[in-house]
Amino acid sequence: MTEIVPTAIIRPASAVLAASPTGALALPIPMVATVGDIPGLRPRRACGDGGEVPTANVDLVDALPPAEWSTVAAWLRAGKAVATRRARLNDTAAFLCWLKVELPDVGLLQVTEDHLTHYLQGVAS
């Protein structure tokens with residue numbers, strides 16, 4: 001099984017490392033602490049606060065385990081246009097809500113093509 005190792009997006013809590021006796025490089029300084037720090041994805045926490053996306057979507061992604069969060073955050077950040085990042089966040093949040101209800105024991109990185117097909121059939125009906 002291939003392990004996904006995040007390299008571009010690392011949460012602050014996971015950036016703390018003990019000194020390595022082998023001289024390995026330390027993890028980089030975190031680029032974002034929350035997906036809400038990604039340009040165009042600032043959450044609306046209060047009326048008129050200048051937020052750009054629903055708070056629930058940001059909070060849902062931020063609640064993911066570290067490996068899943070890093071993968072989603074890197075994918076969101078890779079979107080060149082703000083509209084692309086917002087659409088990706090909305091789609092991911094909708095899928096995560098469905099996954100939590102329909103398959104609560106399946107993690108995001110365990111999702112298969114069959115799971116996606118089941119989700120798409122539900123969305124289409």
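**Contacts and helices**

Modeller: Setting aside neighbours within four places in sequence, T55 is in contact with P43, R44 and R45. Keep in mind that this is a predicted model.

Colleague: Where is the place of T55?

Modeller: T55 sits in helix α1.

Colleague: And is T55 buried or exposed?

Modeller: T55 counts as buried, because its relative accessibility is 16% and the cut-off for buried is under 20%.

Colleague: Then what are the values for α1 and α3?

Modeller: The axes of α1, residues 55-62, and α3, residues 82-102, cross at roughly 65° and come within 9 Å. The crossing is left-handed.

Colleague: Which residues make that contact?

Modeller: From α1 there are N57, V58, L60 and V61. From α3 there are L89, N90, T92, A93, L96, C97 and K100. Seven of the contact residues are nonpolar, three are polar and one is charged.

Colleague: Now α2. Which of its residues are buried?

Modeller: The buried residues of α2 are E68, W69, S70, V72, A73 and L76.

Colleague: What covers them?

Modeller: The cover includes α1 and α3.

Colleague: Last one: what should the 13 residues of α2 span?

Modeller: Helix α2 covers residues 66-78, and at 1.5 Å a residue it should span 18 Å. Its end C-alpha atoms are 18 Å apart, so the two values agree.

How values were computed. Residues numbered from 1 in each chain as written. Predicted model: local features only at pLDDT ≥ 70, side-chain atom pairs only at ≥ 80, totals over all residues. Heavy atoms only, no water. Axes fitted to C-alpha atoms, helices over the stretch in contact; angles between N-to-C directions. Helix = DSSP H or I, 4+ residues; strand = E, 2+ residues; numbered from the N terminus. Left-handed = near helix turned anticlockwise from the far one by under 90°. Contact = heavy atoms within 4.5 Å. Nonpolar A, V, L, I, M, F, W, Y, C, P; charged D, E, K, R; others polar. Expected span 1.5 Å × (residues − 1). Buried < 20%, exposed > 50% of the residue type's maximum accessible area, 1.4 Å probe, protein only.
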